[in-house]
Amino acid sequence: MNKSGIVTGASSGIGFAISQVLCDMGYEVYGFGRDFEREETHEFVQKTETFHAVAGDLLDTNKVCDKVKQIAKETQVKVLVNAAGVGYYGLHEHLTVSQIQTMVRTNLELPLILTNRLLRVLKENDGYIINISSITAKQSSPHGCAYGATKAGLTGFGMSLFEEARKYGVKVTTIHPDMTQTNLYRDADFTCADEDNCYLNASEVADAVRYVLNQRDGLVVPDITLRPQFHRIAKK
Ligand SMILES: NC(=O)c1ccc[n+]([C@@H]2O[C@H](COP(=O)([O-])OP(=O)(O)OC[C@H]3O[C@@H](n4cnc5c(N)ncnc54)[C@H](OP(=O)(O)O)[C@@H]3O)[C@@H](O)[C@H]2O)c1
């Protein structure tokens, strides 16, 4: 059976860059996302035989769980990367109920459920769970209270899961990127500042995943934080 990786949020930004790294490292990658037709991903998705795009809404929990079960039957799932995420920013009172629910479900509920569904096979395969949290999990995040809360939840989950799963041979890593140049800020009134020392690139976060996976078997990297040199944002 081929060794495989499951990556959520594989259609854009950090999840896409991680998918490229996993393919490069010899994994069959099952990448979940909605839109695989974007200019920046289209060619890779079309040309890479080891990348399998699973297009659909990740909040359709039953469908996603069925698909993951099928992948686990047909391949040796070695890596789960929870990278799908959404961010809505602004004063907390200005968020809609639907925005809050979407963030909680995408950023927190989904990684909890996918981990729950896959832990048994990941134990059998001495696998990895890599959660893409955020620097907002570690500090206060005014105008991002709910987003930061979902990421703090994910980080808390990862810390406890690391202790629970390590004795079964599963390696749990939480990555905390600071501002990264992706589509995440599409709905925000700010984005990354222009200077390249004020943001991370998605490929740099993916390099951290390569680092995690390249360690010798007895070494786990539970936590990585990545920050640009300067803290600056640009108003739209
Ligand atoms: N960019 C940053 O500054 C930054 C910093 C720290 C942490 N992060 C975290 O990094 C992760 C990746 O975000 P990104 O920055 O790469 O942003 P992005 O380019 O917007 O990517 C988000 C990904 O999540 C997918 N997604 C979201 N909701 C989905 C749903 N309901 N069904 C299917 N796919 C869904 C998107 O799919 P479609 O686009 O196809 O809909 C996309 O592939 C997120 O968890 C984010 O919170 C980002």
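In the predicted model, S134 touches Y147, K151, I175, H176 and P177, with residues up to four places away in sequence left out of the count (contact: heavy atoms within 4.5 Å). S134 lies in the loop between β5 (128-132) and α5 (helices are DSSP runs of H or I of at least four residues, strands runs of E of at least two, numbered from the N terminus). S134 counts as buried because its relative accessibility is 5% (buried: under 20% relative accessible area, 1.4 Å probe, protein chains only). The side chains of S134 and T136 form a polar contact at 2.8 Å (N or O atoms within 3.5 Å; within protein, one able to donate a hydrogen and the other to accept it, and residues adjacent in sequence counted only if both atoms are side-chain atoms).

The ligand is surrounded by 33 residues (a heavy atom within 4 Å), and S11, S12, Y147, T182 and Y185 are the closest. By class, this shell holds 13 nonpolar, 13 polar and 7 charged residues. A ligand oxygen is 2.6 Å from a side-chain N or O atom of T182, and a ligand oxygen is 2.7 Å from such an atom of R38. For D57, the corresponding distance is 2.8 Å, to a nitrogen of the ligand. Of the 880 Å² of accessible area that the ligand has on its own, the protein covers 98% (Shrake-Rupley method, 1.4 Å probe). The elements giving two or more residues to the shell are α1 (13-24) and α5 (145-166).

Residues are numbered from 1 along each chain as its sequence is written, and side-chain values use heavy atoms, without hydrogens or water. Local features require pLDDT of at least 70 and side-chain atom pairs pLDDT 80 or more, while totals for chains, interfaces and linings use all residues.

Definitions and conventions: Ala, Val, Leu, Ile, Met, Phe, Trp, Tyr, Cys and Pro count as nonpolar, Asp, Glu, Lys and Arg as charged, and the others, Gly among them, as polar. Buried means under 20% relative accessible area, exposed over 50%, partly exposed in between (1.4 Å probe, protein chains only).
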